[in-house]
Amino acid sequence: MGLNRRPVVWFAVCWVSGSAAAASLELQGALLVAGAATLLAIAAVMSRLATGRLAAVCLLAVCLAAGQREWTDARNVTALQSLLTAAEADGPRAAYAAEALGTIVSAVEVDGDRVQFHMEAVAIHVKGDPPLRNASERLLVQLRLTAQLEQGIAAALQRGDQVRVAGELTRPATATNSGGFDYRRYLSSQKIHWLLKAKGTAAITPSTAVAPPDSAVITAAATAVTQSADLASPLSKPNYTAELLGRVDDARAWLGAQLDPLYPSDQSGYMKGLILGIRDDLAPEQFQQFSRLGLTHILAISGLHVAVFMYALSGFLKLFRMTRERIVVTLMFAVPLYVLLAGASPSVLRAGLMAVLGLLAARLGKLKDGLHLLAAAAVGLLIIDPYYLDNVSFQLSFIVTLGLIVGVPPVRRALPNWKKSGWLLDLTTVTIVAQLVSFPVTLYYFNQFHLLSLIANFILVPFISFIVMPLGALALLISMVWHDGAKLIASISIYANNYSFALVDLLAEFDSLRTIWATPPLWWVLCWLLLLGSAFQLVEYWNSTRLEVTEGQLSLDQQNNSSDVTTDLFADEQEVIAPLNSIQKKGLFNRVVLHVIVAVGLLLFAYYPDHFNKEAVVSFLDVGQGDSALIRTPSGKHILIDGGGTMSFHKPGEEWRLRRDPFEVGQKVVVPLLMKRGVKEIDLLVISHLDSDHIRGLIAVSEHIPIKQVWWNGSLKNANDVNNLFKNLLSADIPMYAPLAGENKYVDRDTFVQVLWPQKKQIEQLSYMEEQNEHSLVLAINLYGNTFLFPGDISSETEEEIVRTIEGGVQITSPILKLAHHGSRYSTSEKWLAYWKPKGAIASVGATNTYGHPHPDVLARLEGSRSMLWRTDLNGEIVFRVSEFRLYVSKS
């Protein structure tokens, strides 16, 4: 039979392959894949694994999927082509005054002083250009509120509203660090190519009154914008889909609000995420705890939630003595409604579509198995939107579901058949298989795996899914008619949540069991999944072999007992069977050993990807207006110098501006980059000085990455960032040392660190220093004879003092120089450059910094010294690779 038994499955495999090839390869690579697919199809037909018809259909699936993806990519372009050309020439800071008219097509997110939503613009006017009418341009609108009153005004906006927005058009940021988050690519997958940034609710005017009648701000803005002649055309036709989804948003918000009085503040956001898929009120710290243990899938509405919903609804309908056929039809209509109320994420779309297809097949009497449903759901969703393939939730949902369908039955049959405790083995099997299948995808996207994740999932997934979630959903439903009864039911789930959170906190304390992995290559992920598939087949083969041997032995025993005359004959048969069993066992054993060897090899490669790489790497990370540099020594040790820091300027009384999960460069940039590069621990953390743009990011680093030793300038500073960082370092019992000028350290055989500043007379003992720049820890780090100079934020006066002190003593020639104080005009003097004669210089500056860094005077001095200059605002991350024979700059 070969491949012919599952034509739908192989059609889906080919469709996904074609779409993936078109998404990740250039035209030449896609053509090679098409050629390879053709050869495989011919080989399958010639070897009789597939019929010619199936091979042709599968080949057609590859071509159609690739063509659909190419066609979608070709149409996924901005209508503002002339503006795009100008933006590419003007650089990342370019912003253009503009006004847009259109419909809100996403939920409106209000978080502190920021409002964000997607807008389908039908008319756009860029200042200086003629208006663009009858457009279809999707924009991401980001509104910065100016007063607390505006929060309520913005919250009244909803999906489906037609609005005019006046602001500035900018391009989304690209990834400026190697392996960093590419915001532009992410938005492009949602068909968004521009950000429209505006200030205050006066910049946005709904076409229908959503603001309070007495709102003078909105009334004045509405009058001003309506009188604009630039976009005086009538508003667009109503977007009925957006309006419908707007009503769904209202329903979700209303349901979420019903949970607030039922649960304490630290649980209401969690229950909203668990029942309705609403994560807006989920505490970031709580999400991080679940993430470390691999439990975030609990908070994502998926197949388990849909199954519980269907089970509960069918049980309720049976109370009314409905027939099976009517229950199936009712569920077919109810599941899509639940999918909408749950947020319609890729995982719940997959589960909902599989459920509806399964119900339809059952109604028609053609239900086969889960693999066909999964395959049909995958193709259906990719036909609707091929960009789903790029979605992490889509990938995890389908890969894990496929693994459960393929892997659970053979593994469960290989285990004992306990009549009373069979459910325990069922749960164990599902948990282990899900962990094994999700493991490579987890490493690829999240770069960590907790060794207690299996235990956490084994205990908490069934407890939360079958106890907490149903209780919460029941309390939500009853709250609509009987509040006191709902409070009683909710109180039970509150106690259950307390135990769940306590267990999560307990397991999270074993942070030493959390392993960090570098992002593996895609071929590694594919090899692991293929190895698992082969292992499941091996287990099934063992099951069948064991069954055959057992049945053969029983047959011989029965025949042996039937007659004494044939004893010798049966003895001969047993002599034949015994060697065959021995051969089977040996072959099985060899295959098991081979699988184990391959698995161990894959694990070692993923955990130690650079074990044989003796190159040193110095990376000047792009952390905006701040400093951070990561050094990998030839022996694989890691030195981190500073961690950047996002500056905040909120004044007393502006607490309303604070966001639930604000952007912080350490949490959002530095920590993810370290983990993606497989930094399992930091051997030496250098804190040049205690200003926030150098240390705030280190707070997150100290919470996520183990640190072996800290060097700093020996001072203290009265600031929250300093207090929080030092609290983390001291609570972790990390050795801290304040080196002085003249001290040296060999990190390994080829890495030598020299301390050039501060001198002993500068800091006699621990003391508070508000002005930190002149007390920066200045280091020269030598790798294979090449020196990198890190001067912190010192000024030209301190530079001259360092030169006077070390002149004739420290032998360093032509180093790579990081510009002091981000290229301030008061640093990097001519004397400093003349002494060091740097072969190259690095300016660590933000693309939108308002300080004018690097200063034109510094640029002129560098040009006079004939030093090459790299800037993080223009070049992104700058990476130097150093070997015994050469030093070169590589692309980040």
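A cavity here is a set of points, on a 1 Å grid over the protein atoms alone, where a 1.4 Å probe fits but cannot get out. This is a predicted model, with local features needing pLDDT of at least 70 and side-chain atom pairs pLDDT 80 or more, while totals for chains, interfaces and linings use all residues. Residues count from 1 along each chain as its sequence is written, and side-chain values use heavy atoms, without hydrogens or water.

View 1. The structure holds 1 cavity of 30 Å³ or more.

View 2. A pocket is an open set with protein on both sides within 12 Å along at least five of seven lines. Helices (DSSP runs of H or I, at least four residues, numbered from the N terminus) H9, H11, H12 and H17 each give two or more residues to the lining.

**View 3. Helix H22 against helix H23.** The axes, lines fitted to C-alpha atoms over the stretch in contact, come within 9 Å and cross at roughly 35 degrees (on a scale from 0 to 180 degrees between N-to-C directions). Contact (heavy atoms within 4.5 Å) involves residues including Ile695 and Leu698 of H22 and Val722 and Leu725 of H23.

Terms used: On a 1 Å grid over the protein atoms alone, a cavity is a set of points where a 1.4 Å probe fits but cannot get out, and a pocket is an open set with protein on both sides within 12 Å along at least five of seven lines; lining residues have an atom within 4 Å of a point. Grid points are joined across faces, edges and corners, and a volume is the space filled by probe spheres set on the points.
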